[in-house]
Amino acid sequence: MASSIHDLARHLNISIGTVSRALNGRADVNADTRQRVLDAAKKLNYSPNQSGRSLRQGATHSIAFMLQPHPGDQQYGEPFFIPFLIGLQGRLAESGLDLTVVMGAPGDYQQERLRRVVETRRADAVLLAWTRREDERIDYLTQVGFPFATLGRSRSGGKAYPSLDLDFEKAGSDAVDRLVARGHRRIAAIRPSLNLNFGHLFLNGYRKALKRHGIEVDPSLIADGFINEAGGYQVTPRVILAKDRPTAIIFNNDAMALGGCKALAEMGIRPGHDIAVTVIVDTPLCRYFSPALTAFRPALEPMGRRLAEMLLASLPAFAGPEGPRIIHEVWPLELVARDSD
């Protein structure tokens, strides 16, 4: 009688995910463990089910990108993701793969949609964005051994999957350095809530830079809100109404910055004149606002291409003669000085 992957995991006393990754030739399984799994599979007459065979052979010829739109107002093209997806799709197409975008409702965490993609084998691998500090999607994919890569880092899953992130910590630090050099000491920081990891990284850089300049971190100048215009609009007055008002604000998101600037205008405070405003990260929204917003710009289309390359390098069918590799990269953001600071 043929054995299942569950039988192999029980026999070896290791997780189903480890068995699956070993059978699929994933680079994050050491050679000894892989050989133990292969020997046990032969001994126990392991028979993969058809969906498993399809996955290893890349039968769908598609990669699923799990896109979670902003909740609220910003339903006009996701200016961060459109150029990123252009680069991603272009590189995947060069390897004969299609890109499938799996949309959720605005703000939806997509756990159930992800499970359906995996369990029905609608894609050969998935790409995740909006990574959280602890991310149950990453835990799930790691456990079941399904190939994936992430745009952004997380504390979940260790180093077992490719990840490409922006250096939000350095951007937060550089933004503070620039504002301090212009004489600012009361610098506010507004970031997304929902445990999004890039918000934590940004805040780490912000706090470290303030301390480096001998400026005490004031909790009344730090706020978080929904990652949309309404979120920025709602929380910006909180920091403005602090006992000692800030002279500068750093927004960790372009949509939050737009909402925040509207709140400032309604309070009679002019960005670029009465208060300095900096944004991480830059999109066309920042460029065409008045005043144009100083921001940190990512190379979005090249990032999309690179994440596709990193995912392909982790898949046995596309890794090349050197074999599967797990790659982690952090990319810098370029300061674009404009009128708002």
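Reply: Start with the element names. Helices (H or I, at least four residues) and strands (E, at least two) are DSSP runs, numbered from the N terminus. The protein has 13 helices and 12 strands. This is a predicted model: local features need pLDDT of at least 70, side-chain atom pairs count only at pLDDT 80 or more, and totals for chains, interfaces and linings use all residues. Residues are numbered from 1 along each chain as its sequence is written, and side-chain values use heavy atoms, with hydrogens and water left out.

Me: How many residues score at least 70 in pLDDT, as a percentage?

Reply: pLDDT is the predictor's confidence in each residue, from 0 to 100. The protein averages 88, and 89% of the residues score at least 70.

Me: Which residues have a pLDDT under 50?

Reply: Residues 49–58 stay under 50. The model has 13 contacts for them beyond four places in sequence; contact means heavy atoms within 4.5 Å. Where pLDDT is low, the predicted coordinates should not be read in detail.

Me: Why is Leu8 called buried?

Reply: Buried means under 20% relative accessible area, exposed over 50%, partly exposed in between (1.4 Å probe, protein chains only). Leu8 has 0% relative accessibility, so it counts as buried. Leu8 is in helix 1 (residues 5–12). Its C-alpha atom is 7.5 Å from that of Val37, 29 residues along the chain. Of the 341 residues of the protein, 56% count as buried.

Me: Why is Val144 called partly exposed?

Reply: Its relative accessible area is 30%, so Val144 is partly exposed. Val144 belongs to helix 7 (residues 136–144). Leaving out residues up to four places away in sequence, Val144 touches Gly17, Ser20 and Val118.

Me: Is Arg338 buried or exposed?

Reply: Arg338 has a relative accessible area of 17%, so it is buried. Arg338 lies in the segment after strand 12 (334–336). Its contacts, not counting residues up to four places away in sequence, include Asp282, Cys286, Arg287 and Arg297.

Me: What makes a set of residues a nonpolar core?

Reply: A nonpolar core is a set of buried Ala, Val, Leu, Ile, Met, Phe, Trp, Tyr and Cys residues joined through side-chain atoms within 4.5 Å. The largest has 79 residues, and Phe65, Phe81 and Tyr206 touch the most other members. Helix 13 (residues 300–314) gives the most to this core, with 8 residues. Apart from it lies another core, of 15 residues, among them Met66, Tyr140, Phe146 and Tyr161. Back to Phe81: beyond four places in sequence, Phe81 touches Phe65, Leu67, Ala129, Trp130 and Leu151.

Me: What makes the backbone at Trp130 and Arg121 stand out?

Reply: Most residues other than glycine have a negative phi, and most peptide bonds are trans. Trp130 has a positive phi of about 50° and is not a glycine. Trp130 lies in the loop between strand 3 and helix 7. At 15% relative accessibility, Trp130 counts as buried. Arg121 also has a positive phi, near 55°. Arg121 sits in the loop between helix 6 (111–119) and strand 3 (125–128). Its relative accessibility is 24%, so Arg121 counts as partly exposed.

Me: Where are the cis peptide bonds that join Ile280 to Val281 and Ser290 to Pro291?

Reply: The Ile280 to Val281 bond is cis, with omega about 20°. Val281 is in the loop between strand 9 (276–280) and helix 12 (284–287). The Ser290 to Pro291 bond is cis with omega near 0°. Pro291 is in the loop between helix 12 and strand 10 (294–297).

Me: Which strand gives the most to the lining of the second largest pocket?

Reply: Strand 11 does, with 3 residues. Helix 9 (197–212) and strand 11 (328–331) each supply at least two lining residues.
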